[in-house]
Amino acid sequence: MTLTPARARGAGTGAQDTAAGGRRTRPAPVLRLAGGRVSVMVRPRVAAVYTGLLAATAAVFAVSLAVGDYTIALDRVLWALVGYGERLDLFFVRDVRLPRALTAVLVGAALGIAGAVFQSLSRNPLGSPDIIGFTGGASAGAVAVILVLGGSTLQVSLGAIVGGVATAGLVYLLALKRGVQGYRLVLVGIGINAMLLSVRDYLMTRAELTEAMTAQVWMIGSLNGTAWGQALTIAASCAVLMPVVLLLGRRLRLMEMGDSTAQALGVPVGRTQVAALLAASALTGAAIAVAGPIAFIALAAPQLVRRLARTSGTALMGAALMGALLLSAADLVAQRALAPTQLPVGVVTAVIGGSYLVWVLYREWRTGNA
């Protein structure tokens, strides 16, 4: 394993990146693995941001396991995680708090990376599942199962996943015209989202009071009462779908330069769009199936990490880390802000995300993009 500086093809002829004013910048180092057969460019700022996000998420995760009506010291939390300690410690850490904290991290990561895919495909900072219909499709599918079929938890989860994927396919087909342009994808998605919300609201008006209340609680987005079943469901979904999305990351970055450029570089644009859209939609559906339609994580996480790391392309892993931190922190606030009353985490993310959306719109207006 060696670490060498990365040089442009024209190294030695002046073809190196320069900073403003003509200053030469130090080339990014390259980590060479497997005897030089694998090379990874190392960007110190990106590595530092990702490490900081991982450390912050771990800290929030640990605090979530320790605090509550029954407070547990951090050293006892660690012992309880490996199966030692008092019976109450084991019960609260492993059976009550661990599945909820793990679900918050995984749902946040799923929404963050899905949001990064949608924003990359639409080339628009507002192109997230919340805005362009995919969350609405998953929500409508789950509510239909709850109110029409009276389905079980597993059936509600399947309804959310099917609704999200079906909406993704419909939006893609309606936006398809000599390729998929970002603005068309956003506009079609917004229209489909409005129609799906009207269907959902109609079902709510025709439902029995108890069923409507159950659906309403689910639609807010909550991790209250999360058990190991939900945690294992989202863990399995992330284990299957996240590697697919990450493998498409290089193609998505090339496609951000334009479809023609990406095709010239050998990227199968159409197949990549379909594969990325289906994988991201399935991730969104799985997250919604477990926790309900939690708002704004998918919108904010990709943009925040891009600004922190100062990257111009798709940051899939960074978006996952940022989403995990945002949702786990929001859930901790939801649990403790009005303790002993626990708020639905969707209330907290809506307050934070709404403020972020206003800021994004203001920034787009100031820069002349809106």
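Which residues does V267 touch, not counting residues up to four places away in sequence? They are R251, L254, M255, A262 and T272, where contact means heavy atoms within 4.5 Å. Before we go on, a word about the model: it is predicted, so local features need pLDDT of at least 70 and side-chain atom pairs count only at pLDDT 80 or more, while totals for chains, interfaces and linings use all residues. Residues are numbered from 1 along each chain as its sequence is written, and side-chain values use heavy atoms, with hydrogens and water left out.

**The overall picture**

The protein has 14 helices and three strands. Both kinds of element are DSSP runs numbered from the N terminus, with helices (H or I) of at least four residues and strands (E) of at least two. Of its 370 residues, 46% count as buried. Here buried means under 20% relative accessible area, exposed means over 50%, and partly exposed lies in between (1.4 Å probe, protein chains only). Among contacts with a separation of 6 or more, 71% are between residues 24 or more positions apart. The protein exposes about 18,600 Å², and carbon and sulfur atoms supply 64% of that area; accessible areas come from the Shrake-Rupley method with a 1.4 Å probe, and for residues only the protein chains shown count as cover.

**Around helix α11**

V267 sits in the loop between α10 (259–264) and α11, and at 7% relative accessibility V267 counts as buried.

Because 18 of its 23 residues are buried, α11 is largely enclosed by the rest of the structure. Just after α11, G292 takes a positive phi of about 85 degrees.

F296 also has a positive phi, about 75 degrees, although F296 is not a glycine. You will find F296 in the loop between α11 and α12 (297–309), where F296 is buried at 17% relative accessible area. R310 is another non-glycine residue with a positive phi, of about 55 degrees. R310 lies in the loop between α12 and α13 (316–336) and is exposed, with a relative accessible area of 66%.

**Two residues of helix α3**

Q119 lies in helix α3 and is buried, with a relative accessible area of 5%. How far is the side chain of Q119 from the backbone oxygen of L299? The side chain reaches that oxygen at 3.0 Å. Leaving aside neighbours within four places in sequence, Q119 is in contact with several residues, including N124, P125, A298 and Q303.

S120 is in helix α3 too, and at 5% relative accessibility S120 counts as buried. S120 touches L252, E256 and T314, not counting residues up to four places away in sequence. The C-alpha atoms of S120 and G249 are 9.8 Å apart in space, although the two residues are 129 residues apart in sequence.

**Salt bridges**

Side chains of opposite charge can pair when their charged atoms come close. A salt bridge here is a side-chain nitrogen of Lys or Arg within 4 Å of a carboxyl oxygen of Asp or Glu, and the count comes to four. The table includes three of them.

| D69 | R336 | 4.0 Å |

D89 is buried at 2% relative accessibility, whereas R76 is partly exposed at 29%.

In the remaining listed pair, D201 is partly exposed at 40%, while R200 is buried at 17%.

**A nonpolar surface patch**

L78, W79, L81, V82 and Y84 make a nonpolar surface patch of about 560 Å². Patches are made of residues with over 30% relative accessible area and no salt bridge; like charges are joined within 9 Å, and nonpolar side chains (Val, Leu, Ile, Met, Phe, Trp, Tyr) within 5 Å. V82 is in the loop between α2 (74–81) and α3 (87–122) and is exposed, with a relative accessible area of 54%.

Conventions
Polar contact = N/O pair within 3.5 Å; in protein donor to acceptor, adjacent residues only side chain to side chain.
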